[in-house]
Every structure is written in C-alpha cells, then in structure tokens.
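Welcome! Here are some exercises to work through with the structure beside you, each followed by a solution in steps.

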Amino acid sequence: MKLLALAVLGFAATAPAHASIATTGGGSGATAGNGELFLSVWDNNGTVNDTTDDRGYTRDLGSFLKADWSSTANTPVFNAVANTAGTIRTYATDTGFQSWLNASTNLSNLQWNVFGGDSFGAKKFVSTVSVLPSATDLANLGNWGTQTDTYLAAVNALTGNTATSVNASVATTSANGNAFAGGIGWGSTVGGKAGNGFNNAGSIGQALAFDAFYETGDGVGQTFNFASLNDNGTELHNGAAATFTLASNGVLTYNVPAAAPVSAVPVPAALWLLGSGLIGMVGVARRRKEA
C-alpha cells in the first residue's frame with residue numbers, strides 16, 4: 001500500500017503583500033491573465049429581498065492561478081500539487097475579516113465563494129461549486145471573465161481596499177454597487193453570467209466542491225473537479241471531490257481527500273462453515289478407505 005504524504009500549505013502566511021486583486025484579464029506576457037483567487041462573503045441579515053442592510057467582504061487569497069493551480073498554457077495542465085490526494089491548503093483569516101465576521105448577528109445568513117481565472121486566449125476559471133452550470137452557460141466562458149474583472153475593478157477602486165499583512169481586503173455594502181459581493185454584479189452566479197441554474201456559494205462550515213472550467217480548442221466549455229486524476233473528471237480520489245470550506249473563525253481550507261486504502265474483502269461465515277464441512281467429509285472418506 002502506498003503511503004500518501006499530507007501536504008499542508010499555509011498560503012496566506014507566505015503570499016506577498018499587495019493592495020489590489022489581480023484580474024483575469026490583467027498583466028502582460030507570461031503573466032497575462034494570471035488572475036488571483038479571491039474569497040467573497042456576504043450577509044443578507046436575514047432579509048433576502050431587502051438589501052439596504054446587507055454587508056459584504058472580499059479578500060485576496062494571494063494565490064495566483066498560473067503559479068499555484070495551473071500551467072501557463074491555454075490548454076489547462078493543472079498543478080499536480082493542487083490535486084494530489086491528501087493535499088491541504090489553509091488560508092488564515094486577517095483582522096479585518098475577523099472583525100467583519102464578529103459583527104454578523106447570525107452566521108447562518110452568510111454566503112461565500114472562491115473564484116479565480118484567466119481570460120486570455122482559451123478561457124479557464126476555478127470556482128467553488130454548489131450546482132454546476134448547464135452546457136449552454138459553459139459555452140459563454142468569455143462572459144465570466146468580463147464580469148469577474150468588472151467586479152474586481154470596482155473592489156480594487158474602493159479607498160478602503162488596503163493591503164493587510166498578506167493580501168487586499170475590503171468590506172462593502174449594497175451601496176457600493178458592483179463592488180458588493182452579494183449584489184447583482186457578483187453573488188452566486190458570477191454576476192448572472194454563469195446562468196441562474198449555476199450556484200457557486202455555500203454557507204459557513206459547508207464544504208463546496210472546487211472545480212475547473214475551461215475552453216477546448218473549439219470553444220466548448222468543459223469542467224472537472226480538482227481531485228480528478230485526469231482532465232476529464234471521470235476518476236476521483238476515494239470517490240470524493242476536492243473542496244473548500246470556510247470556518248466560522250474565518251479560516252479557509254482547501255482539501256483533497258486522501259485515497260482510501262484497499263481493504264481485504266471479508267469472507268462470509270457461511271463459506272467458512274462450508275469449507276470446514278468439506279474438510280471433514282474428506283477425512284471420513286480417507287478413514288473408510290483405510291479400514
């Protein structure tokens with residue numbers, strides 16, 4: 001049996017400080033489209049249809065798509081470390097996010113997601129997933145990048161968006177328009193560009209599958225979970241998906257389940273009895289022949 005090493009990577013403890021979130025269409029040359037993963041959280045304060053008291057928070061995870069999750073090639077070759085069974089990546093909270101969480105009157109009102117992408121050339125994105133998009137919505141991945149960059153541009157423009165020790169974080173309200181995490185510019189459907197059937201948000205403590213979405217050569221969208229052993233999503237470690245989970249203390253964790261060891265198949269008791277009986281009959285037959 002192969003022993004799988006547990007890779008625990010504290011990305012939030014080592015990422016460089018910067019004051020804005022890299023967009024999916026930013027940069028140039030080798031860094032073109034090298035977007036960063038970011039966490040969006042929003043609190044509806046228990047009133048779904050009334051957004052006046054809603055609160056949001058967006059934070060840069062300091063993890064670049066092309067460095068930590070994917071190759072620089074347009075055809076995705078995803079980082080082996082990111083989908084190795086037993087891998088765990090933790091993203092520590094920061095003081096601003098912790099204060100924002102502490103101000104929430106009911107954590108069950110919170111929704112969150114993780115997203116990142118590259119909209120240069122063949123589009124590719126990574127996202128938490130609650131409900132997968134339809135084939136039609138996957139055919140419009142270019143719209144995902146445009147909407148993501150609109151959201152991030154609004155977030156980055158806020159004066160409150162200042163670098164903490166490792167990343168950029170900003171608290172918002174519905175009055176901040178496109179920068180509001182829970183608004184029509186973002187929410188659980190990439191600002192509506194992923195289709196109303198798609199949902200990439202979950203509740204505090206909920207483990208959300210982490211999937212990749214990308215264009216093939218003919219522009220058709222494809223998807224697979226990060227725990228896939230290959231790029232068609234047909235084989236998962238231990239039959240389980242790679243996930244992100246946001247805890248109530250603000251710590252975000254990425255986890256690829258360890259492969260389950262192959263256990264011996266137990267032999268039913270009836271077979272043992274049958275075997276014992278056959279051995280006994282052979283013994284009796286031998287004694288009769290000798291007599």
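**Exercise 1.** Find the side chains with which the side chain of Ser40 makes a polar contact.

*Solution.* Step 1: the side chain of Ser40 makes a polar contact with that of Tyr151, at 2.8 Å. A polar contact is a pair of N or O atoms within 3.5 Å; within protein, one must be able to donate a hydrogen and the other to accept it, and residues adjacent in sequence count only if both atoms are side-chain atoms. Step 2: the side chain of Trp186 also makes a polar contact with the side chain of Ser40, at 3.4 Å.

Before going on, note that this is a predicted model, in which local features need pLDDT of at least 70 and side-chain atom pairs count only at pLDDT 80 or more, while totals for chains, interfaces and linings use all residues. Residues are numbered from 1 along each chain as its sequence is written, and side-chain values use heavy atoms, with hydrogens and water left out.

**Exercise 2.** How many salt bridges does the structure hold, and which residues form them?

*Solution.* Step 1: the structure holds two salt bridges. For each, a side-chain nitrogen of Lys or Arg lies within 4 Å of a carboxyl oxygen of Asp or Glu. Side chains of opposite charge can pair when their charged atoms come close. Step 2: Asp43 pairs with Arg55, and their closest N and O atoms are 3.2 Å apart. Asp43 lies in strand E2 and Arg55 in strand E3 (residues 55–64), so this pair ties together parts twelve residues apart in sequence. Both Asp43 and Arg55 are buried. Step 3: a salt bridge also joins the side chains of Asp94 and Arg59, at 3.0 Å from N to O. This pair links distant parts of the chain, 35 residues apart: Asp94 is in the loop between strand E4 (87–91) and helix H3 (95–102), and Arg59 is in strand E3. Asp94 and Arg59 are buried too.

**Exercise 3.** Where is Asn176 found, and what does its side chain reach?

*Solution.* Step 1: look in the loop between strand E8 (168–173) and strand E9 (207–215). Step 2: Asn176 counts as partly exposed because its relative accessibility is 29%. Step 3: its side chain reaches the backbone nitrogen of Thr173 at 2.8 Å. Step 4: Asn176 and Gly56 are 120 residues apart along the chain, and their C-alpha atoms are separated by 9.6 Å.

**Exercise 4.** Describe the protein chain as a whole.

*Solution.* Step 1: the secondary structure comes to six helices and twelve strands. Step 2: of the 291 residues in the protein chain, 43% are buried. Step 3: among contacts with a separation of 6 or more, 69% are between residues 24 or more positions apart.

Key. Helix = DSSP H or I, 4+ residues; strand = E, 2+ residues; numbered from the N terminus. Buried < 20%, exposed > 50% of the residue type's maximum accessible area, 1.4 Å probe, protein only. Contact = heavy atoms within 4.5 Å.
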